[in-house]
Amino acid sequence: MRRAQLLLVLLLLAGCSQRYSAPGLGDQEDPALSGNGRLLVSVVDRGGRRSLRLVERSTGRELPLPGLRQGQPHRSPSLSWTGRYLAFIRQRGTRPEAVLLDRLSGRLQPLALPNDRLPERLSLAPDGQQLAVQVLRRGQLDLELFRLPALEPDLPAGAALP
């Protein structure tokens, strides 16, 4: 009986540890899944520049991210439920800035932070209505929560992004 239980546990663990690899590029960092698990965004090195790569998991197809060439390198990506909204940090000159991309409209929107705050990491709410930002201020890390009421909420669970 004990042997059968051990075998069952091993089979369950093996089933839970499926590996997904995003083909095409080697080193990928800072992965983030959309809330529905359909999309995977990560930071990749492209010719010495850190950029974002968005992949549809079911097909492995890389999806375009227009407008992201300015202000590289990128880091700390975060996706809304369907992946309509993509938040990340990009470097603009000597300062990092938090940015939100609406993939449906193609609109890029920098988030205005007070001058004494530098974004370090961020996390977007599944509906795209709030953004948590870890900021560096006077040598101290702090957490700030921003409401994004001007944005249309992300599509309901299960709806596909056109």
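Two strands count as paired here if DSSP finds at least two bridges between them. Helices (H or I, at least four residues) and strands (E, at least two) are DSSP runs, numbered from the N terminus. What you are looking at is a predicted model, so local features need pLDDT of at least 70 and side-chain atom pairs count only at pLDDT 80 or more, while totals for chains, interfaces and linings use all residues. Residues are numbered from 1 along each chain as its sequence is written, and side-chain values use heavy atoms, with hydrogens and water left out.

Let's start with the whole chain. Of its 162 residues, 38% are buried, meaning under 20% relative accessible area with a 1.4 Å probe, protein chains only.

Now to the sheets. Strands of a sheet pair through backbone hydrogen bonds, either parallel or antiparallel. S5 and S6 run antiparallel and are joined by four bridges; Ser78, for example, has Ala87 in S6 as its bridge partner.

A further open sheet has three strands in the order S9-S10-S11, again with antiparallel pairing. S9 and S11 (140-147) stand at the edges with a single partner strand each, so one side of each is left without a neighbour in the sheet. Between S10 and S11, which run antiparallel, there are eight bridges, and Val133 has Glu144 in S11 as its bridge partner.

A nonpolar core is a set of buried Ala, Val, Leu, Ile, Met, Phe, Trp, Tyr and Cys residues joined through side-chain atoms within 4.5 Å. The largest one has 15 residues, and those with the most contacts inside it are Leu100, Leu111, Leu122, Leu124, Leu131, Val133 and Leu148. Strands S6 (85-92), S7 (95-102), S9 (118-124) and S10 (130-137) each supply at least two residues of this core. Apart from this core lies another, of 14 residues, among them Leu39, Leu52, Leu86 and Val99.

Leaving aside residues up to four places away in sequence, Leu111 touches Ala98, Leu131, Val133, Phe146 and Leu148, where a contact means heavy atoms within 4.5 Å.

Key:
Buried means under 20% relative accessible area, exposed over 50%, partly exposed in between (1.4 Å probe, protein chains only).
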